Amino acid sequence: MGHPPRREPSGHAPQAPLSADGSSGPGDDRTPGVVLTARVLLRIQGGLGMLTIVLAVATLVVLVAIWASVIGGNGEASGLVGVIAGVGMVTLSIVVAASALALGTVALGVTIPTFILAARLGSRRNGVRVGALVLEGLVGVTCVLAGVPNVAGDHTVGIVGGAVCLLLSAMSWTTFGLLLNPQAARFFRA
């Protein structure tokens, strides 16, 4: 009968057993999975916001290029048809430019706080959690209100845009729910 093999010390402190909520006690500094998931979703939303800003700027660039070709073109329409076409082009350009600017501004106004909150989510400050909850609630409600009428419409562009809005709304409400989770609440209270 031999003795059990002798264990050499590993140099690491012994690990405390995990409790039922997944933490090893009051001094546990690990970020719960729900908070990590919320952070990832916030970063994805920020990336989608950046994509929206890029598309808005690209729309403005294309609009400027179209205007440059129209103004510099030699084939001019004459008479009443030319005037109507010119007024229509100006009106359409104003609407498209205003829409692109508004969309880009809103996306920028949401994207910057989203990235900031995602970066600060691990700080254990409840104010960051509350800020993320408020932002996600506003984005979720806005996207539902914007997405449902578009999906209910009969235009392909509206349906696709509405589906994207509803997807963003689902991500926002998921993040909202994750941050309301009891594990997240304990993490931010500690």
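**Why these labels? A predicted model, questioned**

Colleague: What makes alanine 118 count as buried or exposed?

Modeller: Alanine 118 has a relative accessible area of 0%. Buried means under 20%, so alanine 118 is buried. Keep in mind that the model is predicted.

Colleague: Where does alanine 118 lie?

Modeller: In helix α2, which covers residues 79–120. The protein has five helices and zero strands.

Colleague: Which residues is alanine 118 in contact with, leaving aside neighbours within four places in sequence?

Modeller: Arg39, Leu42 and Arg43. Contact means heavy atoms within 4.5 Å. Leucine 36 is 82 residues from alanine 118 along the chain, yet their C-alpha atoms are separated by 9.4 Å.

Colleague: How many aromatic pairs are there in the whole structure?

Modeller: A search finds two. Tryptophan 173 and phenylalanine 176 form one of them, with 5.4 Å centre to centre and 75 degrees between the planes. Centres must lie within 6.5 Å, and planes over 60 degrees apart count as edge-to-face. So this pair is edge-to-face.

Colleague: Why are tryptophan 173 and phenylalanine 176 separated by about one helical turn?

Modeller: Because they are three residues apart in helix α4. Tryptophan 173 is partly exposed at 36% relative accessible area, and phenylalanine 176 is partly exposed at 22%.

Colleague: What makes the pair of phenylalanine 187 and phenylalanine 188 edge-to-face?

Modeller: Their planes stand 80 degrees apart, with 5.2 Å centre to centre.

Colleague: Are phenylalanine 187 and phenylalanine 188 buried or exposed?

Modeller: Phenylalanine 187 has 4% relative accessibility, and phenylalanine 188 has 3%. The limit is under 20%, so phenylalanine 187 is buried and phenylalanine 188 is buried.

Methods
Residues numbered from 1 in each chain as written. Predicted model: local features only at pLDDT ≥ 70, side-chain atom pairs only at ≥ 80, totals over all residues. Heavy atoms only, no water. Helix = DSSP H or I, 4+ residues; strand = E, 2+ residues; numbered from the N terminus. Buried < 20%, exposed > 50% of the residue type's maximum accessible area, 1.4 Å probe, protein only. Phe/Tyr/Trp six-rings, centres within 6.5 Å; stacked < 30°, edge-to-face > 60°.
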